[in-house]
Amino acid sequence: MKGSYSQAEESELAKASIEGDKLAFGEIVQRYRRMVARTVKGMLGDSVFSEDIGQEVFIKLYNSLADFRGEAKLSTYIQKIAINLTLNEIKRRKRFFSTFSQKGNNEMYEYEVPDYESEEKRDASELVNKALARLDPKFRIIVAIRMLQGYSKKETDEILDLPIGTVLSRLSRAQEQLKIILEKL
Amino acid sequence: MKPSELKKLIIGSLDENADPQLAAKRLEEEGVSFDFSKGFIDKVIDRVASGADSVNREIEFSRSMRIAFNRIAITGVAAIVLLLISIFIGEGSFSLNSFLGLGDTYDEGIICLLTGN
């Protein structure tokens with residue numbers, strides 16, 4: 001086992017993790033933790049479920065690292081796992097709420113604004129969370145990827161496996177919906 | 001940043017020609033950041049380690065089951081062969097009656113046996 005992997009390349013980390021090196025895998029989790037949080041929490045909100053989904057993303061990654069051929073970036077591979085697991089959770093919640101509740105999409109997005117050193121930052125975080133909570137879940141994914149992660153159009157269509165035309169159309173519709181939501185906030 | 005400016009930034013980040021990285025960076029600077037709770041990495045590593053343990057336990061269990069099944073199967077086959085040999089020796093054939101132990105009985109004989117007449 002190596003002492004530190006902080007300077008290691010992705011491929012080296014993946015190889016060491018496959019061989020069972022927990023330290024190398026810990027470095028992968030450390031590097032991509034926030035990226036996964038932005039996707040999962042951007043789509044599900046800040047709740048205990050998001051933490052669980054976040055953990056599952058990395059566990060699934062660990063179990064499927066042997067299948068990772070290195071053709072795409074590791075971050076894209078992780079991002080895809082995060083999106084798939086979060087979409088599954090959204091579907092599960094939709095089924096649950098459609099059976100047991102008459103309320104809308106808001107129930108699927110919970111959030112808790114953390115303590116910030118300034119009131120302004122707190123307000124900004126609250127505004128974004130409120131907007132995401134009101135946004136249709138099918139648009140949240142594109143907003144999470146584009147607005148929170150900063151992915152380009154090409155990267156977005158690669159991650160979502162969608163044609164560029166569909167990505168652009170969804171972006172435009174998400175933007176329209178966000179405009180209406182933000183006017184009321 | 002004023003709320004109106006922030007709203008503009010949010011909406012603008014979804015523009016087709018906007019630089020999404022710049023918008024994401026500015027939002028983060030404004031306090032829009034997401035992260036998991038403290039100890040997240042340790043929890044993941046613990047779950048990965050316990051998952052590996054449980055997989056090892058499952059493999060060990062299925063191996064033991066296979067060994068046990070093989071032993072039972074071999075013993076069972078041997079018992080069946082012995083039974084067939086004993087039936088053949090005792091009854092002289094493998095007919096249904098010999099399997100049921102009814103080799104030398106007639107219907108009337110059974111009635112006599114059951115009624116005692």
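Student: Leaving aside neighbours within four places in sequence, which residues is A:Gln149 in contact with?

Tutor: Keep in mind that this is a predicted model. A:Gln149 sits in the loop between H6 and H7 of chain A. Setting aside neighbours within four places in sequence, its contacts are A:Met35, A:Arg38, A:Thr39, A:Gln79, A:Ala144 and B:Ala24.

Student: Is A:Gln149 buried or exposed?

Tutor: Look at its relative accessibility, which is 11%. The cut-off for buried is under 20%. With 11%, A:Gln149 therefore counts as buried.

Student: How far apart in space are A:Ser152 and A:Thr166, C-alpha to C-alpha?

Tutor: Along the sequence, 14 residues separate A:Ser152 and A:Thr166. For the distance in space, go from C-alpha to C-alpha, and you find 14 Å.

Student: Which residues of helix H7 of chain A are buried, and how are they arranged around the helix?

Tutor: Helix H7 of chain A covers residues 153-160, and its buried residues are A:Thr156, A:Asp157, A:Ile159 and A:Leu160. Seen down the axis of H7(A), these residues fall within an arc of 160 degrees, so they line one face of the helix. In general, an α-helix has 3.6 residues a turn, so residues three or four places apart point the same way.

Student: What is phi for A:Asp161?

Tutor: A:Asp161 follows H7(A) and lies in the loop between H7 and H8 of chain A. This residue is not a glycine, yet its phi is positive, near 55 degrees.

Student: Is A:Asp161 buried or exposed?

Tutor: The cut-off for exposed is over 50% relative accessible area. A:Asp161 has a relative accessibility of 60%, so A:Asp161 counts as exposed.

Student: At what angle do helix H6 and helix H8 of chain A pack, and what is that arrangement called?

Tutor: H6 covers residues 137-148 and H8 covers residues 164-184, with their axes 9 Å apart and an angle of about 100 degrees. Angles of 65 to 115 degrees count as roughly perpendicular. That makes H6(A) roughly perpendicular to H8(A).

Student: Which residues of H6(A) make this contact with H8(A)?

Tutor: Both helices contribute side by side to the list. From H8(A) come A:Val167, A:Arg170, A:Leu171, A:Arg173, A:Ala174, A:Gln177 and A:Leu178. From H6(A) come A:Lys138, A:Phe139, A:Ile142, A:Val143 and A:Arg146.

Student: Which residues does A:Ser75 touch, not counting those up to four places away in sequence?

Tutor: A:Ser75 belongs to helix H4 of chain A. With a relative accessible area of 12%, A:Ser75 is buried. Apart from residues up to four places away in sequence, A:Ser75 touches A:Glu10, A:Tyr32 and A:Met35.

Student: Moving to chain B, which residues is B:Ile11 in contact with beyond its neighbours within four places in sequence?

Tutor: B:Ile11 is found in helix H1 of chain B, residues 3-13. At 17% relative accessibility, B:Ile11 counts as buried. Leaving its neighbours within four places aside, its contacts are A:Gln175, A:Lys179 and A:Leu182.

Student: How many helices does chain B have, and what share of its residues is buried?

Tutor: Reading from the N terminus, the elements run α-α-α-α-α, with five helices and zero strands. Chain B has 117 residues, and the share that counts as buried is 19%.

Student: How many helices does chain A have, and what share of its residues is buried?

Tutor: Chain A has eight helices and zero strands. Of its 185 residues, the buried share is 51%.

Student: Which helix of chain A has the highest mean pLDDT?

Tutor: Chain A averages a pLDDT of 85, and 87% of its residues score at least 70. Among its elements, helix H4 (residues 74-100) has the lowest mean, 84. The highest mean, 93, belongs to helix H2 (residues 22-44) of chain A.

Conventions
Residues are numbered from 1 along each chain as its sequence is written. Chains are lettered from A and ligands numbered from 1 in the order in which they are written. This is a predicted model: local features need pLDDT of at least 70, side-chain atom pairs count only at pLDDT 80 or more; totals for chains, interfaces and linings use all residues. Side-chain values use heavy atoms; hydrogens and water are left out. pLDDT is the predictor's confidence in each residue, from 0 to 100. Helices (H or I, at least four residues) and strands (E, at least two) are DSSP runs, numbered from the N terminus. Buried means under 20% relative accessible area, exposed over 50%, partly exposed in between (1.4 Å probe, protein chains only). The arc is that of the directions from the helix axis to the C-beta atoms. Contact means heavy atoms within 4.5 Å. Axes are lines fitted to C-alpha atoms, for helices over the stretch in contact, and angles run from 0 to 180 degrees between N-to-C directions. Angles under 35 degrees count as roughly parallel, over 145 as roughly antiparallel, 65 to 115 as roughly perpendicular and the rest as oblique.
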